[in-house]
Amino acid sequence: MNKSGEHMTELRVLRYDPEVDKKPVYRSYMVPLAGSVLGGLKYVLEHHDSSLSFRYGCWGPGYERCGACAMLINGTPGFSCKVAMQPNGTTVEPHPKFEVIKDLTIDFDREQTGKRKQTKPSSRISIDSEKCVGCRDCVLLCPMNVMQMEKIERKGKAKVADPGSCCGFTCKLCVAYCPPGAIHMEALKVRGQK
Amino acid sequence: MISETLETDVLVIGGGIAGIRAAAEAANSGVTVMLTNKGHVGRDGAAVWMAGMGYQAALYPPDSLEVHVEDTVKGGKYLNNQKLVHDFLKLAPDSVNDLAKWGMRFGRKDGKFVQVQLPGETYPRSMCHTFSSQSLGGEYRKVLPRQVMNKKNIRVMNDLFIIDLLTCDDRVVGALGVDLRNSLFRVVKAKYTILATGGYMALFDFSTANPTLTGDGQGMAFRAGVRMVGMEFIQFFPAAAIWPRIVYRDHFPYTLLWRLRGIFYNSIGERFMERYYPVEKDFATREAMSRAIYREVKEGRGSPHGGAYVSFRHLPRNLINTFLEEMKDNPFMKALQEAGVDIREDAIEIGPAAHYVHGGCWINERCETNLKGLYAIGEVGAGGKDGADRLAGNALPFCMAMGYIAGKEVAREAANDAVPEIDMQQAEELCQEAQKPLNRKNGITAFDMKKKLQRLMSDAMIFDRNKKDLEQALSELTRMRNEEYGNLAVSNKSKTFNLEWMEALEARNMLDAAEMSMRAALMREESRGLHQRSDFPEPKSEWLKHILITKNGDHMDFTTEPVSFPYVKPNQEKGGTTK
């Protein structure tokens with residue numbers, strides 16, 4: 001607990017500043033337990049280290065997801081505005097799908113090439129290709145470009161091309177907006193998380 | 001200091017719905033367009049967080065444009081700029097067809113679009129999604145960015161934060177921006193500039209909108225000499241979640257209230273809504289609900305995190321279980337569950353959150369401001385179109401229509417004009433000004449300044465505005481501007497994605513927006529729509545006018561512009577004073 005009686009917890013952030021750092025390093029900060037991981041990062045920015053850098057857009061009110069705050073939280077991809085701080089410490093790293101600009105800020109225009117960090121997805125998505133009508137909605141909607149189109153028997157069908165980048169239940173846009181309801185998402189058990 | 005000078009026919013600042021629409025429309029006519037955004041186009045702006053059924057269009061008889069205009073003007077308490085309302089809403093049905101053509105999935109039945117009725121509508125007029133449970137936000141996100149991506153003559157500049165407009169002989173000739181990726185200054189020379197930066201809801205910490213909406217457009221337009229209007233009207237969403245923290249700002253509780261008829265309690269366990277509204281009790285209108293909660297908090301009977309409790313415990317267990325079963329996929333209900341809150345037993349804390357602002361540039365029906373070469377659309381292109389209160393679902397048809405009009409207009413004009421010359425001296429001075437906080441060693445941080453501003457705004461500008469509070473807040477604001485703004489220091493000197501510097505640049509725009517908003521609220525001595533003064537509780541017919549603000553040196557000049565009534569006349573019996 002801190003002075004004002006808030007429960008505090010540890011937030012480990014993978015920091016990398018291309019101007020000074022040769023390679024990424026982890027730094028630890030104490031932040032309030034209540035709230036989202038994004039709230040914790042904002043707390044670090046305001047109270048501990050103003051050189052921290054991360055992206056945010058909508059801050060996750062309501063139903064919609066802008067996808068700007070996607071990162072790896074304890075090894076699992078997710079939107080940090082939607083994931084609660086863990087009582088036994090949380091580690092955040094940049095989302096491995098895109099090139100890193102600084103710290104947790106990624107460049108959505110440039111996809112990472114070469115070897116990528118392994119992730120522990122929190123969910124498995126599957127597409128029922130019988131039901132899929134090939135409308136491309138999921139491909140256009142996915143903030144992490146997980147879906148791709150492929151040709152099956154001369155018909156365009158969606159397929160899961162990059163399951164490791166999927167932000168799972170923090171996003172779920174593809175499931176919610178699939179017109180024929182062909183996409184399913186099931187939760188996987190991830191070690192170290194509730 | 002300026003690293004690069006870019007040239008374009010049309011510069012669109014802001015990549016939300018209005019900005020994308022304008023850029024796409026201008027590019028269709030063959031001119032070159034540059035679309036800049038502080039964040040990433042498609043991952044920013046109102047499109048991605050839009051709630052519910054926010055799109056109104058009068059499509060089928062007996063509904064008509066006239067009825068739609070009348071509803072809007074009545075909702076706006078007769079303060080609307082009726083010419084703009086009429087001209088923009090005329091395009092709403094066309095925009096629906098355009099959106100449908102682009103791939104938006106509106107609900108259809110028997111060859112017609114399905115429409116539902118929201119409060120304030122004479123006929124059902126709000127478009128729905130194909131699946132009734134989904135909001136339309138995701139659909140905008142899907143179809144709109146596609147209109148500007150991979151087009152030959154549209155250059156999308158992500159992470160370019162435009163900080164000021166460049167003027168030359170009362171004409172806007174471009175803008176100055178900071179590339180957040182490398183902290184370099186870039187000048188964009190443009191024949192025409194379109195502002196589409198949204199509102200200033202970030203002046204309130206508790207807001208349902210993006211925290212990136214810091215009144216950048218309002219700030220830079222004001223500094224360039226544009227006439228501003230409607231700054232005193234700020235709309236609040238009645239019931240956003242405050243606690244548990246993980247669902248902070250979520251607007252789902254309002255749906256929950258509407259579905260399950262929750263009961264409000266204050267911290268001493270009293271059903272306070274009965275005291276304010278003996279007839280409607282816990283199911284009063286949105287505005288009445290917000291005001292009651294606000295007063296309870298102000299009088300010290302709020303919940304620990306500054307709101308009111310809402311409980312569903314009075315409901316039979318099987319009823320609530322059926323509801324929970326139906327909502328099991330809902331992200332809000334899931335988050336509550338994970339946070340250990342069971343609505344069968346526990347109350348949630350809710351409160352009113354800033355949702356939309358009516359303040360922006362004074363424009364004509366071509367979306368043109370008083371400065372040549374500058375157009376303003378969407379929320380920042382206010383023009384008094386929303387009056388004293390906005391009808392639910394009217395923001396997006398306005399955005400779409402204004403984007404279309406401004407895009408077409410500038411494309412036609414830009415085809416003939418030459419690229420104007422810019423005053424490099426002015427650009428250099430603005431760069432110096434922007435770099436000042438970076439050069440200071442010690443001082444006040446932008447975070448503290450923002451927090452202070454937010455506190456001032458929530459003390460004086462939410463409900464029950466009065467002369468005393470407003471004057472107090474204004475004198476504090478003036479002190480902040482004179483003493484603290486000059487001492488704003490950025491301790492982080494990094495050149496890559498320097499968030500602290502960005503916040504310092506935003507703080508300047510927020511100061512301007514806050515001051516305009518407070519001064520206009522102090523000047524309007526009546527209560528009308530969203531502007532409620534406790535010392536002037538009645539609407540007055542002599543205040544049927546817009547307050548216009550212009551910059552005059554270091555001061556603000558206030559003038560008024562009477563409202564004209566070409567389409568809907570105010571109710572004569574009540575002297576146009578319908579509350």
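I took the centres of domain 1 of chain A and domain 2 of chain A over C-alpha atoms and found 26 Å separating them. The model is a predicted one. For the bounds I consulted the domain assignment of chain A, which gives 8-111 for domain 1 and 123-187 for domain 2.

I then listed the residues in contact: domain 1 of chain A contributes 14 residues and domain 2 of chain A contributes 12 residues. Between them the two domains bury about 1,000 Å², and 59% of this lies on carbon and sulfur atoms.

I counted 1 salt bridge between domain 1 of chain A and domain 2 of chain A. I also examined the salt bridge of Lys97(A) with Asp162(A), in which the closest N and O atoms are 2.7 Å apart.

I turned to chain B and inspected helix α7, residues 252-260. Phe252(B), Pro253(B), Leu256(B), Leu257(B) and Leu260(B) are buried there. Looking down the axis of α7(B), I saw that its buried residues fall within an arc of 145 degrees, so they line one face of the helix. After α7(B) I reached Arg261(B), whose phi is positive, near 55 degrees.

Notes: Residues numbered from 1 in each chain as written. Chains lettered and ligands numbered in written order. Predicted model: local features only at pLDDT ≥ 70, side-chain atom pairs only at ≥ 80, totals over all residues. Heavy atoms only, no water. Buried < 20%, exposed > 50% of the residue type's maximum accessible area, 1.4 Å probe, protein only. Helix = DSSP H or I, 4+ residues; strand = E, 2+ residues; numbered from the N terminus. Arc of directions from axis to C-beta. Domains from an automatic or database assignment. Contact = heavy atoms within 4.5 Å. Buried area = accessible area lost by both parts, 1.4 Å probe. Salt bridge = Lys/Arg side-chain N within 4 Å of Asp/Glu carboxyl O.
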